[in-house]
Amino acid sequence: MAEKLNYEVLKKSGYDGYILRKAPVKVLQFGEGNFLRAFVDYWFDMSNEKAGWNGKVALVQPIAQGLTKLINEQEGLYTLYLRGSENGKEVNRKRVISAVDACYNPYDAADWEAIRKIAVSDDLEYMASNTTEAGIAYVPECRLTDTPPASFPAKVTALLYDRFKAGKPGIVFLSCELIDANGQELKKCVLKHIADWGLGEAFADYVKNDCLFCSTLVDRIVPGRIRDPKEVAKLTEENGYEDALLDVGEVFGVWYIEGPKELEDRLPFQKAGLNVHVVPEVAPYKKRKVRILNGAHTGFVLGAYLAGFDIVRDCMHDETVHAFMNTMLYDEVIPILPLDRKDCENFAAAVTDRFNNPFVDHQLMSISLNSTSKWKARDLPSLLEYTEKFGHLPKALCMGFAAYIAFYSTNLQCREADGLIAVRPAGNEYKIQDDAWVLDFYWDHRGADDAALVHDVLSNEKMWDQDLTKVKNLEETVQKDLTLIRTKGAKAAYASVL
């Protein structure tokens with residue numbers, strides 16, 4: 001029976017990678033889950049090795065149930081596997097992360113006091129968080145005297161107030177929640193608590209002027225746990241220890257942090273040569289991610305599924321589907337993005353590697369969920385901006401739009417409570433899942449001919465916030481493309497735009 005991972009067990013195992021046992025706590029992190037440990041803590045761990053940063057991260061368990069006990073039993077150590085494809089080659093990197101000092105449960109009185117002590121420490125420079133999209137929310141019932149205040153922003157306000165009263169310098173916040181302007185939203189909540197709790201103008205000025213709330217954009221897929229017990233047993237034997245916190249992320253990772261130029265020198269990441277960037281604003285990089293990475297998924301997978309594919313990786317190995325995706329990205333999406341073309345092309349090249357990940361069987365049907373709102377957010381803006389900029393329609397995006405309509409209307413069999421049952425050309429049933437009103441729309445149109453269907457889809461302002469039949473030639477083009485998908489098959493239709 002293998003021993004549980006800790007520093008002594010790791011030493012006995014013969015692990016010869018980088019490890020830092022002792023260092024001051026420079027980061028207080030709200031969140032102890034798989035994502036932050038594979039992302040934020042990884043970057044700080046790499047900074048210790050590559051830039052001599054010499055810092056540790058103290059973790060705060062954000063809700064009453066969490067990983068505090070497990071993390072402390074392993075003395076903050078855990079094994080991280082970064083897996084995927086780089087330049088078409090399989091990558092499987094193992095690293096034991098030693099940047100975590102300890103984890104604290106704020107709902108335990110002694111731990112909350114320990115967190116408060118860290119908050120007023122001279123060593124502390126940063127606070128990081130990923131408390132889910134619901135975490136950054138103003139909860140008026142919270143009070144300064146609560147031990148601890150229930151919400152994340154209320155906890156932050158209480159800890160900053162301690163730090164302010166102790167006369168310590170301001171903190172840099174690195175918010176990783178998946179909402180727009182995450183750092184600024186957190187700051188708004190903190191300032192509202194200050195006003196409601198009557199903590200004074202001097203403290204409000206400290207928060208506004210001495211603290212820096214950075215909105216950030218995170219990008220790394222983190223599957224997290226390995227669920228196959230045989231693989232877990234194999235890795236335990238190979239490693240020579242049992243790791244209850246073993247974490248898995250894709251090899252690709254990039255972090256954009258919105259802040260002033262001088263923040264780049266303050267943070268250790270650039271010095272360590274890492275793919276972490278301080279930028280004047282993260283919005284253009286979010287747009288790039290949504291239009292290229294997410295837009296590629298939504299733009300090609302529905303037609304690819306109708307063509308008989310089930311997994312994203314297999315699509316990357318098919319000459320036609322892969323070329324269709326590249327035509328859409330390089331010829332139609334990248335030319336309208338407000339960033340350096342070469343940077344966008346490098347990002348698109350990385351997308352191929354990410355979609356080609358040999359360790360992840362990403363099902364096309366899982367990507368198909370709620371494709372109407374996804375198409376509206378990810379692909380339709382590119383189609384419209386391209387048309388406006390160049391004066392003609394983008395062929396691949398129009399075909400992708402037709403494929404979306406085909407996916408939602410092919411051989412509809414019945415309307416179930418949570419979806420529409422359809423049959424793809426290969427003969428198997430599949431379930432279309434979306435908002436109920438979208439499903440009702442397609443079910444009600446099951447007897448319509450394609451011309452009527454395309455007209456009613458494009459003119460549906462509830463779907464697109466506008467009447468798309470007013471876009472010159474779009475209705476005729478999508479109708480022609482839909483006919484091609486119905487008669488020749490989605491793969492042949494994709495090939496027709498190359």
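**Ground rules**

I number residues from 1 along each chain as its sequence is written, and I leave out hydrogens and water, so that side-chain values use heavy atoms. Since the model is predicted, local features need pLDDT of at least 70 and side-chain atom pairs count only at pLDDT 80 or more, while totals for chains, interfaces and linings use all residues.

**Entry 1: salt bridges**

I started with charged pairs. My rule for a salt bridge is a side-chain nitrogen of Lys or Arg within 4 Å of a carboxyl oxygen of Asp or Glu. How many salt bridges does the structure hold? I find 29.

I looked up Arg95 and Glu49. Their side chains form a salt bridge, at 2.8 Å from N to O. Arg95 sits in strand S4 (residues 89–97) and Glu49 in helix H3 (residues 40–51), so this pair ties together parts that lie 46 residues apart in sequence. Helices and strands here are DSSP runs, numbered from the N terminus: helices are H or I with at least four residues, strands are E with at least two.

Next I checked burial. I call a residue buried under 20% relative accessible area, exposed over 50%, and partly exposed in between (1.4 Å probe, protein chains only). Arg95 is buried, at 13%. Glu49 is partly exposed, at 32%.

I then turned to Arg116 and Asp162. Their side chains meet in a salt bridge at 2.7 Å, N to O. Arg116 belongs to helix H5 (residues 109–119) and Asp162 to helix H6 (residues 152–165), so the bridge ties together parts 46 residues apart in sequence. Arg116 is partly exposed at 29%. Asp162 is buried at 12%.

Is Lys261 buried or exposed? I read 60% relative accessibility for Lys261, which counts as exposed. Its salt-bridge partner is Glu264, with the closest N and O atoms 2.8 Å apart. Glu264 is buried, at 10%.

I also noted a network of salt bridges. It links Lys4, Lys69 and Glu73.

**Entry 2: cysteines**

A disulfide is a covalent bond between the sulfur atoms of two cysteines. I count a pair of cysteine sulfur atoms as a disulfide within 2.5 Å. That rule gives zero disulfides. For Cys189, the nearest cysteine sulfur is that of Cys142, 10 Å away. Cys189 is buried at 10% relative accessible area. Cys315 is buried too, at 0%.

**Entry 3: nonpolar cores**

In soluble globular proteins, nonpolar side chains tend to be buried together. I define a nonpolar core as a set of buried Ala, Val, Leu, Ile, Met, Phe, Trp, Tyr and Cys residues joined through side-chain atoms within 4.5 Å.

Which residues touch the most other members of the largest core? Of its 79 residues, they are Ile292, Phe300, Tyr404, Ile405, Tyr442 and Val457. Helix H17 (residues 395–409) gives this core its largest share, twelve residues.

Leaving out residues up to four places away in sequence, Val457 touches Tyr404, Ile405, Phe441, Tyr442, Met463 and Trp464.

**Entry 4: helix H17**

I went back to H17. Of its 15 residues, 14 are buried, and the helix is mostly covered. I checked its length against the expected span, 1.5 Å times one less than the number of residues. The 15 residues of H17 should span 21 Å, and the end C-alpha atoms are 21 Å apart, which agrees. Asn411 follows H17 and has a positive phi, near 50°.

I looked for other non-glycine residues with positive phi. Asn54 has phi near 60°. Asn54 lies in the loop between H3 and strand S2 (56–60) and is partly exposed, at 36%. Asn370 has a positive phi of about 55°. Asn370 is placed in the loop between helix H15 (364–367) and helix H16 (371–390). Its relative accessible area is 33%, which makes Asn370 partly exposed.

Where is Pro148 found? I place Pro148 in the loop between strand S6 (126–129) and H6. A cis peptide bond joins Thr147 to Pro148, with omega about 0°.

Definitions and conventions
Contact = heavy atoms within 4.5 Å.
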